[in-house]
Amino acid sequence: MRFSNIVLFTKKTKAFQSKPNILGDKGYHQAFVMMCNPLTKLWSSNLASCFWKTCFNSAILKSFGPVFEEQPVDTIYPEESPEARIIMTCQARANPPATYRWMLNDTYVDPNSHDSHYSLSGGNLIITNPVRTKHVGKYSCLATNMYGTVVSQKASVQFGYLDLFSSEERPAVLVKEGQGAVLLCAPPHHYPGELSFRWILNEFPTFIPLDKRRFVSQKTGNLYISKVESSDRGNYSCIASSPSISKSVFSNYIPLKLLVERPIRKYPADLRVKFPNTTALVGQNIVLECFALGNPVPEIRWHRMGSTLPHNREVRMAGAQLHLLNVQFDDSGNYSCEAVNSKGKDHHYANVSVEAHPEWVEHIVDTEKDLYSDHTMSCTAKGVPKPQIRWLKNGEPVRFWFSRLTSDDAGMYQCIAENRHGVIYANAELRVFVGAPKFLHNPVRRVLAPKNGRVVFECRPKAAPKPTFTWSKETELLSNSSRIFVWEDGSLEILNVTPADEGRYTCFAENDWGKANITLPLVVTESTKITLAPSNADVHVRDDTWMECAASHDPSVDITFIWSLNEQEIDLHKDSAHYESILNGSSNAKLLIKNAQLRHAGRYTCTAKTQVDNTSASAHLVVRGPPGAPGGVRVVERSDRSVKLQWSRGADNHSPISKYTIQYRDQFSKDVWKNATTSPADIEGNAETAIVVDLFPWTEYEFRVIATNTLGTGDPSRPSDKEKTQESVPVVAPSDVGGGGGASRELTITWTPVQPQYYYGDNFGYIVAFKPHEGKEWNRVAVADPEAKHYVHKDPNIPPKTEFEVKVKAFNRQGEGPYSLTAIVYSAQDAPSNAPEILQGKALSASTASVSWVLLSESNIDGYQVRYWRQNGDSEGEDRMMVVVSGKENHTRLEGLKPSSDYIIEIRAYNSAGYGPPSKYIKIHTKKPPPDRPPKIIGTKLKGQLVSVAWEHVEPLSNESFREGYRVLYKKKGETTGTLYSTKDSHIDLPLHADGVEYVVEVRAHTEGGNGAVAQISIPGNYSRSLLLIIVKHLDTLRVSYLFYVQWRWVPVPSAFLIFKLKKSHDKQSKLP
């Protein structure tokens, strides 16, 4: 952090030389008249004889210069805003009230001009119908009253906009499946610069989910797909959004088309998104972006060169973004991202630097100073880069050449610190006081002094210029002697006070504007003395002890006891868990020390204090406990499996150290400390070195040391610097060696990689050895990737299904380790060589078909792939559909077809080596679609234990399949399955159920093209009753109407109407006739 420091000062005061010029400044003179006009003042022809009674102090407390309460802030005005005005705020507290002016780019704004867009409301500036060419710039507000002018911080006005994307058609992106793809967003012109980006696929609002395979850069808006899959095919549109003006725009669609390649190739990691050199401000959050193309999908890893990543980081977006939160200067450095997959690596490095806004270390404050006095104005700011300091007085730039303070120096001062990241202001009012001496808030009080002690009388009137001082005792004028001194500030000091010094002392102060005095009586008291001093004590940790203290004092004053430890006063309330003060009478105190800890050892002082004097006595407390932490732990020697440590002894805390324990943690233990094996196994208390053994080679370790004595085990030392053991030959072999499969003429060998803690050195990799089962000579291949899991050996001369013996071992820069167990692996089989023969393909409906074929006689068939697409469609594009069946199946069903369409079908056999040749294709024609209109249900009819459902016939159109009948599904409500019926009639009888559950009837027309649209009707659970009673209670009778179901509707029957008495017994067995 760099500092800027500017100091403004005046020279030493000189004697009054010209009284009439003291108030020579017109504005300052007016200020005095305005403040004092209501008060009593005496005037003569000479201004210098003006005698101010009480005016200055009462008036100056009520009036003050402008102090900002609201200042303008940076404003972005959306060009499409319906509110055609901008309001820049400015409000200052001042007495008298402030008046306001505004500046644009350091030129005054005139709200009163003829064609002005500006107006003022209080201190606020209103811009009506703003225009970009006229009103963009830096605005500042000036607030003024009789004490001066202050200038606000500058605030910018900018116009926010986000243009539309270009209307030009976007070219298609052609990419092979398995390759990476980049779709460019190319955002339109905009302000401000910050945009957020999303992408949609095919239609809004189908937003593309972001994961390890897909990433949208929030810097450029580009969409990156590390490995393209068939599901990525489609039309893409970039959405750019401006949060500042709440507007979003869409790009034209970008088609992404796939080129099929079999087999799908693999590609090494290739970083396409690389974060640039970045400058951040302290406290900001920043985002570093890295993303790579590759197959398999690369993994992104983040590092900081020469240090660990900051604790305040978060890795998001499946590793593509490193967020540094609340950055500090310690977060600066070179950062790297590494993209890794099984085919290769890619790296990127860039610098992150942290800078800072200006910030005040010291700044000016409102000050009142005496006329002709010395005064220093100081401003110190820190920031990166180093801020520049400049000054304003009453809103104007100023350079100070003070000789001494006069009334002309009064005014409103501003200190401004600025670097490229911002500007800060410090405002202060300087007032210059002039007046006769006056004693304020200094009532006459008795002064107490201890016998044989020292006393000081203060004499500090308010006066300017500085007055001269004289003292008297009673009627005797005092002068300096061996016991009596008059200080420069007017104070009187008396040494070795005796009872004869009692009396009334008067201070006289005088300057050119008048004089004043104050009288103070002196009373001499007896001195305070310690009569019982505290005693030394010796305890163990967690023990209790106490110290006692007593003192004599003058009976006319009160006494208090204060306890301190090592010259720091003990806060009995804050540390009540360990300290308690007990008073025994008025002149005796006891300090109880509870549950003593090592930090409580030291020098305890009891201070007996009165209003007049104090005295003290001390004692020592020794606290014995576990040892303190050893210091300076460091590695002095190292090998591949051991290190020699050295440390310095910590405090034994008054009990000899009996032994040491060494602990370690390594780069793999994640902050877990473990006890180390050492030589010697038991480290004695007088040792300061030891050897740690049984370590892993080429592993980074930290060590700490813990001391123990008879009273316990102490705190651990600070960890040593990280040290890496030396390299060694690997001793751990890869496990789970196996393999097989792959493409034709390939031998695939797989294994489980060695864990990183067993690398034992740099340049770690694997030696893969293999030979035919009957062969004698081993082939050896080096694989340099320590995370590799397989190796593929390609040889056109390898017969299929050949038996090989394989083994794998590790190597590093120091040599080769042991081989794994030998495993038997078979080379890949050949891809099928023959094409299947299709027996039959036929359309089953408008959307389904079936196909069958003759099984191949080859023994290496894993399954069959059936591909089908619309004639004249894209056999490799969106129209292509596929079904895969096992090698034992010779038929399958094809679904998802379109009605009345011609489809092409071909079949290929496949195995782990790939696909065989395709069959001769056949063509089928799907059937017409079923009617898209549901049957119209016209009613239901009860037939004993059956319910009859009837509907109107559905007549197919010319482009629809002929109706063969109807399918009726009878099921419980809420269920998906039930009983399916078929009928050629337009009605059906269904059984009623006595379970009281509601049922649903679904009716569809059935055609050769499939089933048509569904019609539905519900059958209530109480449908089995043959009539419906509508009961209306009226007094003591029930009125009952019979309703019969006739021609699928309820019909009331008046002849069946009757009235009957409701039995008092409420007999529910009464039957209707």
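Which strand supplies the largest share of the lining of the largest pocket? Before we get there, keep in mind that this is a predicted model, where local features need pLDDT of at least 70, side-chain atom pairs count only at pLDDT 80 or more, and totals for chains, interfaces and linings use all residues. Residues are numbered from 1 along each chain as its sequence is written, and side-chain values use heavy atoms, with hydrogens and water left out.

Now for the answer: it's E27, with 5 residues. (A strand is a DSSP run of E, at least two residues long, numbered from the N terminus.) The largest pocket has a volume of about 1500 Å³, meaning the space filled by probe spheres set on grid points that are joined across faces, edges and corners. A pocket here is an open set of points on a 1 Å grid over the protein atoms alone, where a 1.4 Å probe fits, with protein on both sides within 12 Å along at least five of seven lines; lining residues have an atom within 4 Å of a point. Of its 42 lining residues, the closest to the centre are Arg301, Trp302, His303, Glu338 and Gln667. Strands E27 (299-304), E28 (313-316), E30 (333-341) and E31 (344-362) each supply at least two lining residues.

Next comes the second largest pocket, at about 1200 Å³. Of the 41 residues lining the second largest pocket, Ile264, Lys266, Lys343, His790 and Val792 are the closest to its centre. E27 and E30 turn up here too, among the strands that each supply at least two residues, but the largest share, 4 residues, comes from E71.
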